[in-house]
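Q: Can you walk me through this one? I'd like the main features, one topic at a time.

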Amino acid sequence: MNSARRLRLRIFRITVFLVMGAFFLVPIGAMFEFSTRGNSLTAPRTLDTWTAIIKVPDLVQAISVSLQLAVITSVAMLALLLPTMVWVRLRLPALRRIIEFICLLPLTVPAIALVVGMVPLYRWIKINVSESILMLAFAYLVLVLPYSYRTLDAGLASIDLKTLTEAARSLGAGWGTVMLRVVVPNMSTAILNACLLSVALVLGEFTFANLLLYENLQVAILYQSFVSAGTSIAVAVAALMFAFVLLLILSFVGRPRERVARAEEAA
Amino acid sequence: MVSSSSGASSRPSARAGVEVRLEDLKRRYAGVTALDGLSLTLAPGELVALLGPSGCGKTTALRLVAGLEETDGGRVVFGGEDVTNVPANKREIGMVFQAYSLFPHMTAMQNVAFGMQLHRVGVAERRKRASDMLELVGLSPHAHKYAHQLSGGQQQRVALARALAIKPKVLLLDEPLSALDAKVRARLRDEIRRVQLEVGTTTLFVTHDQEEALAIADRVGVMQSGRLEQLGPPMTVYSRPATPFVASFVGLTNRLNGVVRDGAVEVRGTRLPLVQTDATNGPAVALVRPEAVTLAGEGDSTPGPLNGTVIATAFLGATSRVTVDLGDVTVLAQLATSDAAAHPAGTRVRLALRPDPVLIERDEAAPDHG
């Protein structure tokens, strides 16, 4: 009886896993297939479209720019959000709802509305500050705010922030030390998660860049598809694989403490 | 006591005990007065326990000494140096918290070494002192475990070692035992006292548990509504409470109606000397400790002022607490268990009141605290 139920549960799990796996992998597989063989199933497999990526300067440039934007956005997000959230939790708890509301707001405004609002601002930035595409980081910071906030908030909720910071301060730690040596290491998983979400969002962003007349990865992929569909698909697959690898790295480095602890217990 | 020669020099006794003075400390939260002019001086190496019900201001006092909160008035002085405006991380305090406060990403050893690292103690010295401190609290075998692998009592002992490792001027203990179960609590309580005596650090200990305070403190300060009601050695606070509040908060108290006449209070036919010798004649409530009540023997069935019926007996181990119904009032008596066994529930007994000095409470002067 019991074992029969366990078996049913197991079958159910495997089925769900397979269906979901197929849901994600079939399109990627199809894209890979298309990028290596073209439209014909009988055509010989070739990596021409993949090697062509590096021969298109616009694509290489866009990849590099998007990666830079991803890094800048993540770093800026952490630098802005983490100290603010810690401070609000410790000293200004009454402001927490307001900060949460502000951070979640971008989620409720459609991207297109956000961009329209930002057009005059970016016109001004292009004239008075810089024409560099890296200025997009400001807009992306707003874009990633809701996701990062949620993730970091969950991380902060999982530690006894008040006691840990007070303990560190009683031992002689200034606020910088408290943040870097006590808060950050104890919510490294949440921080990595927030960064991953930011990176994924930035690498996949199209609307902002396109409407603000910048050429990031997604915009470049679109333009490339007019020239060579195969290459554009190859880049898209590569971007997806990159995100996938990031996710894998995350799941491996996310819990070093537990792993060390388990290793010690086993010893 | 002789400690091992290797450990002695590096232990915090090198900087044993500075005088700690709290001068007229005040603190208000949104209109509510948490601390109403608290003054207290801790002698070098002394352990003072602040005792009181929740909300009496004892934790606020401790946090002001720690620098974790700002004062609305008054001064905090460590060894002659005014630290009132010094931030917590520069005050050279050691603190143990009520909640478990070990850094989860560090081992016990790393936790203990953390503060020394911030104080720029060299690696070799740091390592040595950290192991000495862990040895002092009896946790050497667990030096490389993480907080989640340690029991609550072990975590608090590491926290104590961590606080002492930086050789603080003052050790602050914020109800460090209240999250632990009774048996561990009693053991750790004695251990805290042993360690404190060994290192000689001036210590402020905050608790709501009178037993804890009486057991380990040099002096106990009983607080109520942001004020110090009484400060004195545990024996004095217990046997000579200065105010009715102290009498009712520290230990159990029987409240018996009586009449003050010529410097003594007459309670149900027994004259008891007074703590407040200047009390004027008239009706009053006498506060009588259960251990000052004895069972004099078989009471006859005729109702007398101290004749009554045993209605319950609480077994406490070596002693028992017997509740006696005198008709208009119930009285608690604390007796040796062997004596109490002679008077099971339902038997008639006659009480006697030992003529220890008692406190009185006047209805008009001090309203009933319940």
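**Sheets, helices and core**

A: E6(B) and E7(B) pair over four bridges, in the parallel sense. Strands here are DSSP runs (E, at least two residues) and helices likewise (H or I, at least four), numbered from the N terminus. Two strands pair if DSSP finds at least two bridges between them. This is a predicted model: local features need pLDDT of at least 70, side-chain atom pairs count only at pLDDT 80 or more, and totals for chains, interfaces and linings use all residues. Residues are numbered from 1 along each chain as its sequence is written, and chains are lettered from A and ligands numbered from 1 in the order in which they are written.

Q: Which residue is the bridge partner of B:Met95 in E7(B)?
A: B:Leu172.

Q: What sheet do E6 and E7 of chain B belong to?
A: An open sheet of six strands with mixed pairing, in the order E6-E7-E8-E3-E9-E10. Its edge strands are E6 (93-96) and E10 (227-232) of chain B, each pairing on one side only. Neighbouring strands are turned by 20° against each other on average, direction ignored.

Q: And the sheet with E13 and E20 of chain B, what is its strand order?
A: E13-E12-E11-E14-E20, an open sheet of five strands with antiparallel pairing. Strand E13 (270-273) and strand E20 (359-361) of chain B are the edges. The twist averages 45° from one strand to the next.

Q: How many bridges join E11 to E12 in chain B?
A: Three, between E11 (residues 254-261) and E12 (residues 264-267), which run antiparallel. B:Val259 has B:Glu266 of E12(B) as its bridge partner.

Q: What does B:Glu266 partner in E13(B)?
A: B:Arg271. E12(B) and E13(B) pair over four bridges, in the antiparallel sense. Their hairpin has two residues between the strands, and B:Arg268 there takes a positive phi near 45°.

Q: Which loop holds B:Lys167?
A: The loop between helix H5 (152-165) and strand E7 (170-174) of chain B. Phi of B:Lys167 is near 50°, a positive value in a residue other than glycine.

Q: Is B:Lys167 buried or exposed?
A: Buried, because 21 other C-beta atoms lie within 10 Å. The cut-offs: buried is 20 or more other C-beta atoms within 10 Å of its own, exposed is 12 or fewer, and partly exposed is in between, with C-beta atoms placed from the backbone.

Q: Chain A now. Where is A:Leu213?
A: In the loop between helix H10 (207-211) and helix H11 (217-227) of chain A. Phi of A:Leu213 is positive, near 60°. A:Leu213 counts as exposed because it has 12 C-beta neighbours inside 10 Å.

Q: At what angle do H3 and H6 of chain A cross?
A: Roughly 45°, with the axes of H3 (residues 57-91) and H6 (residues 136-157) coming within 8 Å. So H3(A) is oblique to H6(A). Axes are lines fitted to C-alpha atoms, for helices over the stretch in contact, and angles run from 0 to 180 degrees between N-to-C directions. Angles under 35 degrees count as roughly parallel, over 145 as roughly antiparallel, 65 to 115 as roughly perpendicular and the rest as oblique.

Q: Which residues make that contact?
A: Among them are A:Leu69, A:Thr73 and A:Met77 of H3(A), and A:Leu136, A:Tyr140 and A:Val144 of H6(A). Contact means C-beta atoms, placed from the backbone, within 7 Å.

Q: What else does A:Leu136 touch, beyond its neighbours within four places in sequence?
A: Its contacts there include A:Phe208, A:Leu212 and A:Tyr214. A:Leu136 is also one of the residues with the most contacts inside the largest nonpolar core, which has 157 residues. Such a core is a set of buried Ala, Val, Leu, Ile, Met, Phe, Trp, Tyr and Cys residues joined through C-beta atoms within 7 Å.

Q: Where does A:Val202 sit?
A: In helix H9 (residues 188-203) of chain A. A:Val202 counts as buried because it has 28 C-beta neighbours inside 10 Å. Leaving aside neighbours within four places in sequence, its contacts include A:Leu69, A:Thr73 and A:Tyr140.

Q: Back to chain B. How many helices and strands?
A: Ten helices and 20 strands. Of the 370 residues of chain B, 44% count as buried. The C-alpha trace of chain B spans about 80 × 45 × 40 Å along its principal axes.

Note on methods
Contact = placed C-beta atoms within 7 Å.
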